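Let's take a quick walk through this one. Have the model open and follow along.

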Amino acid sequence: GKWLLGIGVACLIIGGLFILVGKVPFLGRMPGDIEIKHGAFSFYFPITTCILISVLLSILFRLFGRK
């Protein structure tokens with residue numbers, strides 16, 4: 001039961017972050033993100049954004065994860 005509750009809360013938090021990322025102008029279109037457009041085909045991979053979010057989450061987990 002606790003696992004399901006934790007997964008549900010995590011999904012809510014992640015969903016909220018997706019909504020907030022759409023409102024933050026510099027996230028998602030940073031220098032270093034890969035964007036390929038060729039005719040009707042387009043590919044976008046936000047590698048710089050992923051690295052930035054990973055670093056920020058690592059810092060937060062390190063700060064708040066200690067007992």
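The protein as a whole averages 82, and 88% of the residues score at least 70. This is a predicted model, with local features needing pLDDT of at least 70 and side-chain atom pairs counting only at 80 or more, while totals for chains, interfaces and linings use all residues. Residues are numbered from 1 along each chain as its sequence is written, and side-chain values use heavy atoms, with hydrogens and water left out.

The fold has 2 helices and 2 strands, running α-β-β-α from the N terminus. Helices (H or I, at least four residues) and strands (E, at least two) are DSSP runs, numbered from the N terminus.

Of the 67 residues, 6% count as buried. Buried means under 20% relative accessible area, exposed over 50%, and partly exposed in between (1.4 Å probe, protein chains only).

| Residue | Relative accessible area | Class |
|---|---|---|
| Asp33 | 14% | buried |
| Cys11 | 52% | exposed |
| Cys50 | 40% | partly exposed |

Asp33 sits in the loop between α1 and β1. Its side chain makes a polar contact with the side chain of Thr49 at 3.1 Å, and the Asp33 side chain also reaches the backbone nitrogen of Ile47 at 3.4 Å. A polar contact is a pair of N or O atoms within 3.5 Å; within protein, one must be able to donate a hydrogen and the other to accept it, and residues adjacent in sequence count only if both atoms are side-chain atoms.

Methods
pLDDT = per-residue confidence, 0-100.
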